[in-house]
Amino acid sequence: MDDLLLRRVRPGLGGELADVRVNDGRVTAITEPGSTGFAARVVDGHGGTLLPGLVDAHVHLVQWATSRRRIPLDAARSAGEAVELLLAHLLATPAPQTELVVGAGFRDALWLDKPHKDLLQRALPGRAVALFSADLHTLWLSPAALKLIGRDHPTGVLLEGDCMTATAQLPTAAIDVQDRWVAEAVAAAAARGVTQIVDYEYADTVADWTRRGAPAARISCVIARYLLDQTIERGHRTGDVLPDSGGLLTVGPFKLFVDGSLNTRTAYCHDPYPGVDSPGLLELPPAELVPLLQRAFDHGLLPAVHAIGDRANTIALDAFEEVGCPGRIEHAQLLSPEDVPRFAALGVIAAVQPAHQPDDRDVADRHWHGRTARAFPYRSLLESGARLEFGSDAPVAPLDPWDGIASAVARTDDDRPPWHPEQSIPFADALAASSGGRRGVAVGDVADLVVTATDPSGLSPADLRALPVTATIVDGHVTHQV
């Protein structure tokens, strides 16, 4: 389908009513309402606002698709409550005794008790249980689940590298089932106006997406560290369009981890966490990080470096400066003041996830006490000239850019006052950070577009999060319409 006519839409924030014509994946005309001419498909925008399509710049797609089917534990205020939620769910929705019980979303950084395999054994004797933390950096396993993957562990609570390795060893749904779940998750993202997703799944995303075929969004396939040599052998470079994908699949950046996470208290900081001597976990020291960045950049792969703690961000920025390459820092949650202007100076994108800020404000107040004025510092980064790109980090937060935009603007997601409101950013800037930098719709633009039921710029945070999406268009093709 090469011709599309969008009737009765308002291009851009505060735009006037118009008809917009799309041909061969481009916006070709913006005219007065009631324009004539053939179009293979007509979409009535009902006076809604036409905006650039939304981009989620950080998603773990298989884990997000799977987590939509896991037992939710985000309401648990203790390890004991997490077990109670698990039992209540299984009572309401029984599962076969031989089936792995999987829950997700717990945040133990504020718990007074501690997760332990014995708690799961007492509640579900002999059952294999795997519970994922909200940040995916902790995996809580029962004795039977440990046995299932051929491991023993004193507590059953695995962190960071151990967590990720064990996650890969757990039983999963068949590939065709996973692919169906992923397709459903991408379709759900399209219903929220998403036209592009950067897939950070810790897997061979290039092979996986080549197998899945054309998706309902553009997909950027991130390269995991263990696939660097194979990717170089394939001749893939960041930005390359993958064959037979209709231009929708591209090679993404090369992902590396410098540290862990705030909730797991493994984000690598200049100062130790309260009550302990540890400043967090350094996953990749400079002596290893710099050669990896250099090798990737020499072969056309732009680095995406996970750094959450302030010391991890310093190390990552130092590495970018030493190699002399552009790239991305994923998360950038706590920054030293002197590091803020370095993002723009070095051409490093601050790829951040605004929904994490209201989710983590209580944990930050406790574990980054006295430093939170420089936590999630979106306005400081923006004013320094840095480029912000928003993502969700789904399943850490839901794959819904409107939630992230509302969080960046309001600095809260409930009835509490904004947390460090001095770091909020204007709506137009938040929207641009969720649209790949695009700030409007003009003739000649790529036809990755979203029609919202109303102009979002004057909405409250609650209304932004519930904003109806009338239509989503990717490369001139309608992927969602109501």
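These legends describe close-up views of a predicted model. Residues are numbered from 1 along each chain as its sequence is written, and side-chain values use heavy atoms, with hydrogens and water left out. Local features need pLDDT of at least 70 and side-chain atom pairs count only at pLDDT 80 or more, while totals for chains, interfaces and linings use all residues.

**View 1. An open sheet of 5 strands, ordered β6-β7-β8-β9-β10.**
Helices (H or I, at least four residues) and strands (E, at least two) are DSSP runs, numbered from the N terminus. Two strands pair if DSSP finds at least two bridges between them. The pairing in this sheet is mixed. Its edge strands, β6 (71-72) and β10 (157-159), each pair on one side only. Helix α5 (residues 160-169) packs on the sheet and touches β8, β9 (138-141) and β10. Contact means heavy atoms within 4.5 Å. The direction of α5 makes about 110° with that of β10. Axes are lines fitted to C-alpha atoms, for helices over the stretch in contact, and angles run from 0 to 180 degrees between N-to-C directions.

**View 2. The parallel pair β7 and β8.**
Strand β7 (residues 101-106) and strand β8 (residues 129-133) are joined by 5 bridges. Valine 102 has alanine 130 in β8 as its bridge partner.

**View 3. An open sheet of 7 strands, ordered β3-β2-β1-β4-β18-β19-β20.**
Pairing is mixed here. β3 (26-31) and β20 stand at the edges with a single partner strand each, so one side of each lacks a neighbour in the sheet. Neighbouring strands are turned by 35° against each other on average, direction ignored. β19 and β20 run antiparallel and are joined by 4 bridges. Valine 474 has histidine 477 in β20 as its bridge partner.

**View 4. Helix α6 and its cover.**
Helix α6 (residues 175-190) has 16 residues. From first C-alpha to last it reaches 22 Å, close to the 22 Å expected at 1.5 Å a residue. The expected span is 1.5 Å times one less than the number of residues. Its buried residues include Val177, Trp181, Val182, Ala185 and Ala189. Buried means under 20% relative accessible area (1.4 Å probe, protein chains only). Their cover includes α1 (61-67), β11 (194-199), α7 (205-212), β19 (469-474) and β20 (477-481).

**View 5. The crossing of α6 and α7.**
The two helices pack at an angle of about 85°, with their axes 11 Å apart. α6 and α7 are therefore roughly perpendicular (65 to 115 degrees). Ile175, Asp179, Val182 and Val186 of α6 meet Trp209, Arg211 and Arg212 of α7. In α7, Thr205, Val206, Asp208, Trp209 and Arg212 are buried. These fall within an arc of 165° seen down the axis, so they line one face of α7. The arc is that of the directions from the helix axis to the C-beta atoms. Just after α7, glycine 213 takes a positive phi of about 85°.

Helix α9 (residues 286-298) has 13 residues and reaches 18 Å from its first C-alpha to its last, close to the 18 Å expected. Leu289, Val290, Leu292, Leu293 and Ala296 are its buried residues.

Key. Buried < 20%, exposed > 50% of the residue type's maximum accessible area, 1.4 Å probe, protein only. Parallel < 35°, antiparallel > 145°, perpendicular 65-115°, else oblique.
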